[in-house]
Every structure is written in C-alpha cells, then in structure tokens.
Amino acid sequence: MLKIPLNNLISFAKDKNAWLALIAGCALTFAYAPFGFWPLTFVCLAIAFYVTDQPTPKEAAKYGFLFGFGWFSLGISWVHVSIAQFGGLPIVLSLMAMAMLCAYLALYPALAFAFATRYSKHPWQRFALLISGFAITEYLRGTLLTGFPWLSFGYTLTDSPLNTLAPWIGEFGLTVLCIIIAFALYWLINYKQYKAAIITIVPVCIAYLLSMQNTDTNYSGKQLKTLLVQGNIEQSLRWEPEQFWPTMSKYQDMTRPNWADVDLVVWPEAAIPEIEDYAFDYLVNLDKAAAFNNTALITGIPDYQFDTRNVYNTLIVLGKKHQDDTEGQYQYLHRNRYQKHQLLPIGEFVPFEELLRPLAPLFDLPMSSFSRGDAVQNNLLANGIHVLPAICYEIAFSELVRGNYTASSDILFTVSNDAWFGDSHGPHQHIQIARMRALELQRPMVRVTNNGISGVYDPISNQQVTIAQFTSGTLSTDLKLISGHSFFSQHGHTPVWILVGILLLLVLVTNSKSYLSSKMEKAFF
C-alpha cells in the first residue's frame, strides 16, 4: 500500500524540473513588496517556461502546477496568519486549509501551460498561446468563486521603470508584458535565438519610450491637505462591545488637535465599530465638529438596516459636503456613502454558511454576514472633493475600481484593517496593489488602515509618505491634485483583449492551414 506513494516521492526527489518549478514559484514572492526585486519576475517566469516545455499537456500542467503552488504558498503565506491566530483551527487543519487554497490557485497557471502545449506546433505559437492563455486564466482567477486576483505578475513592476506603462495598459497589460520579456529571455538563453529575442523586445522598448512622453495627465495646481488617523486597535478587541466607546473616543481624541487647516480627515475601515443607527448621536456631534472646523471626515462604519436585515461595510462622509457649506450634512442613510461590493469570502460572507459556520470559529468570525453594495456607485463628495472609494480587498479588482471612476474623480481613497495579518508581507503587498490602481488611473492615492500601512502616494512623482506600522499616529500631508485622464481610465483592458484575440486568431489560422495541407497531401499522394 505504501509502495506507490513512496515511489512517487522518490521520483519527485529525482526530478530536476519539479524542483526548478517549485523553487522558481517560491522565489517569485521576492519580486513583490516588501522585497521589491522586480527583475526576478522575468527570471522565474523564464524558468517556468523552460520546465513546462514538454511534449504533452499533462507534463506541462504538472510542472505548471508546481510552479503555481510555490508561487502562492509563499506569496500568500500571510493568509495563514489570520487562520492560525483567529481561525480557531488546529495547526494541522490550518496548514491543510492553506494547502488546499494554494492548490486551487495553482490550477490556473497549470491550465495556461497545458493550453500552450496542447495547441502549439511552433515556438512562436507557444509564445502567443502563453500570452493569451495567461490572460484568460488570470482573468478567470480574478472572477470565478468571487475572484482572487492577488499576486498577478504586473504588480511586481509597480516600482520599476516600466510602471510608466501602467496608465496605458494597466496592471493586466503589465502582466502580459512580464510574459513577453520572460519569454524573450527564455528564447535567448535556452535556444540562443538572438534575432527572435530582439524582435520580441523592440516593441516593448518602443512602447516604454512612448509612455515616458505621456502628457495626458499633469498637476492641476490645486492641493488637498489631508489628515490620516491610524488608531492601531488590537484585532482581538475591535468587535468587543465594551471596547466600542474607547475605540470611538480614541479616534476622536487623535483628530481633535488636528482639525485646523485640514481639508479632509480620513479614518480606517470600521473605525467606528458600533453599528451606524446606534452611533447616531456620536455621528451627529462629529458631523458638527467637522463642519465647524471647515473640513470633512470620511470613516468606515458597519450599517445594519433593521427593516431589511441587511448589513453593509460602509464609508460615510461627515462635515462639509461642498466648500461653501457652513453646516454638516449627516443624516442616517444619507446618500453620501459607499457600501462595499466585493466581499471577502469567509471574512465578510460565508458560502454554504448553514453547513460551515458550526464547524470552526474560522467560519463564524464577527461581522462575517455582510450584504453586497452595488458594483457602480457615486463617488463620495467631501468638502468639494470627489473621492473614488474602495474598501480593503476591493482595491485588488482593477475593473471594479475603474468602473467607479468618473471625469470628476479627484483622489483614490482606500481603507482597510490589516491587523488580521500581523507582521507579514500581506499589508506591504496590499499597499503595492493600491499604488498600482493610482498609477492606472493617475490619481493621488490616500490609504488609511487600523494598524498600517497608512499613507499617501503621488503617481506622477512616485513619492509615498506613510505612518509606521503598529503605531497610533496621524499624518498630515499636502496632496497635489491631478488633471486629465489616463488612457487606461478611458479604455481599460480592451487593448489587451484585442491583442489576445489577434494572437489566438493567428494560431487558429496557421494551425487550420497546416491541418488542411496535411489532409490534401494524404488525399492526393
């Protein structure tokens, strides 16, 4: 009975390609924040192309799966922090849960490599099918089962010189770019195909040079003085009813000395842990204080609506709505609010909850029964500033964020609570993703979280200022507003899908001609 698993284990230990695939996938983690060794992306992908260059789709899928498993097992290892600390599962079960998640995510690159092997008859076809295959599987990974688009290749280029292409082709386009450059590297090293590598890289160089001439967006000459407030409330205390008032008082006390000469104050996701209807008096007083000080405040708060029994993860605006207002604006259920649309599985809703909730505390976390807001909502209006909001996990969904972009959007604003993930690389990846959205849309990014990383980012100068993690603190900063609109904000992923369509059509036509030629040869000769 033990002979087959033991033989498989010995076979794996002797398989050089298996180890290369796994190690390349793990090493890819160091291309993302907080490490930032972005050239590793091309090296790791080139290795993946080498080990998956197999005669059968099954073999290509096997090595592609191992590459993907290494990619996600180390890349999203921060998920295990929340499972282990707050999930209530024994260590063996929590590791099994992580392994299952990583195995599921690894199916997508495995499918892309199998697809390229199955339908390619020439090296250039494999190249074309890897581009289109990864575009399709990455889209599916970000869509199926509510989607998990984390760790897409393009994010590794956030702090690279190639980030100038983000306003044109977005992170999705940068992912395709990573595949193109990595395949050119693979061609160069493995086949010594210098001409093919040069032909592949030249269009990339031309696109890069053109992107540096971008004049569609510039500073408008206006500035926004913003105050970020980071409370650093322990995760174990956030949803304890006896801690609601101390938490609300802390945020109020941290803000009070800093009201003067501030255009906008921002608090994190669920900074007010009390449900909105119960916190009415507190909110009215806060609304008056903000208006009195000629400013506006945006805060996260849970909203339980007793008539419908829906509960929303919400952002509300208090204080001045327009610059010429003299009084506050707050009323319960006033329209100047945002309700989170893209909910986090397990954390904010539980699929098959009647079955799963009784199994472990992991499936019965506080505030894990949220309802979904609309996919497209109005921007928030705070002291005359149009604010494009995204709550926590939503910032990873490029098309969702772009779908709420308007001609009037002044800043990108995202809130989160990364206390779930401790001192891991998860929060660093999270703010990197947020900065990519700012690069795509060419709007300043303001991000405020419970325990860090809170900060602001200017996509033109690439300057970022942050509050240290795991500290209570405030950050007052002058944010330069930007005028004009990026190409990506207007056209999204359409150019990338046109490229994918052309590549698939070329492969289909050439394969069809080859098939017809072989049939004719058999018929006549």
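What follows is a chat about the sheet, the salt bridges and a surface patch.

Visitor: What kind of model is this?

Guide: This is a predicted model.

Visitor: What is the strand order in the open sheet of 6 strands?

Guide: The order is S6-S7-S8-S9-S10-S11, and the pairing is mixed. Strand S6 (380-382) and strand S11 (463-467) are the edge strands, each pairing on one side only. From one strand to the next, the twist averages 25 degrees.

Visitor: Which residues are on which side of S8?

Guide: Ile411, Phe413 and Val415 are on one side, with Leu412, Thr414 and Ser416 on the other. Both faces are covered. In a regular strand, side chains alternate between the two faces of the sheet.

Visitor: In what sense do S7 and S8 pair?

Guide: Strand S7 (residues 385-391) pairs with S8 in the parallel sense, over 5 bridges. Alanine 390 stands opposite threonine 414 in S8. Between S7 and S8 the chain passes through helix H13 (residues 398-403), and this β-α-β crossover is right-handed.

Visitor: And how do S8 and S9 pair?

Guide: In the parallel sense, over 5 bridges, with S9 covering residues 445-449. The bridge partner of phenylalanine 413 in S9 is valine 446. The chain goes from S8 to S9 through helix H14 (residues 426-441), again as a β-α-β crossover that is right-handed.

Visitor: What about S10 and S11, parallel or antiparallel?

Guide: Strand S10 (residues 454-458) and S11 pair in the antiparallel sense over 5 bridges. Aspartate 458 has glutamine 463 as its bridge partner in S11.

Visitor: Changing topic. How many salt bridges are there?

Guide: The count comes to 10 salt bridges. One of them joins arginine 447 and aspartate 418, with the closest N and O atoms 2.8 Å apart. That pair links distant parts of the chain, 29 residues apart: arginine 447 is in strand S9 and aspartate 418 is in the loop between S8 and H14.

Visitor: Is arginine 447 buried or exposed?

Guide: Arginine 447 counts as buried because its relative accessibility is 1%, and buried means under 20%. Aspartate 418 is buried too, with a relative accessible area of 1%.

Visitor: Which salt bridge partner does glutamate 399 have?

Guide: Glutamate 399 forms a salt bridge with arginine 402, the closest N and O atoms being 3.2 Å apart. The two are about one helical turn apart because they sit 3 residues apart in helix H13. Glutamate 399 is partly exposed at 35% relative accessible area, whereas arginine 402 is buried at 19%.

Visitor: What does aspartate 253 form a salt bridge with?

Guide: Its partner is arginine 256, and the closest N and O atoms are 2.9 Å apart. Aspartate 253 is partly exposed, at 43% relative accessible area. Arginine 256 is also partly exposed, at 47%.

Visitor: Last topic, the surface. Which residues form the nonpolar patch?

Guide: Leu188, Ile189, Tyr194, Ile198, Val202, Ile206 and Leu210, with about 690 Å² of accessible area together.

Visitor: Which helices supply at least two residues each?

Guide: Helix H8 (166-191) and helix H9 (194-211) do. H9 gives the most, with 5 residues.

Visitor: Where is isoleucine 198, and why does it count as exposed?

Guide: Isoleucine 198 is in helix H9. Isoleucine 198 counts as exposed because its relative accessibility is 53%, and the cut-off is over 50%.

Technical notes: Residues numbered from 1 in each chain as written. Predicted model: local features only at pLDDT ≥ 70, side-chain atom pairs only at ≥ 80, totals over all residues. Heavy atoms only, no water. Buried < 20%, exposed > 50% of the residue type's maximum accessible area, 1.4 Å probe, protein only. Helix = DSSP H or I, 4+ residues; strand = E, 2+ residues; numbered from the N terminus. Pairing = 2+ DSSP bridges. Right-handed = clockwise from strand over helix to strand, strands pointing away. Patch = residues over 30% accessible without salt bridge, like charges linked within 9 Å, V, L, I, M, F, W, Y side chains within 5 Å. Areas by Shrake-Rupley, 256 points an atom, 1.4 Å probe, with all protein chains shown as cover. Salt bridge = Lys/Arg side-chain N within 4 Å of Asp/Glu carboxyl O. Axes fitted to C-alpha atoms, helices over the stretch in contact; angles between N-to-C directions.
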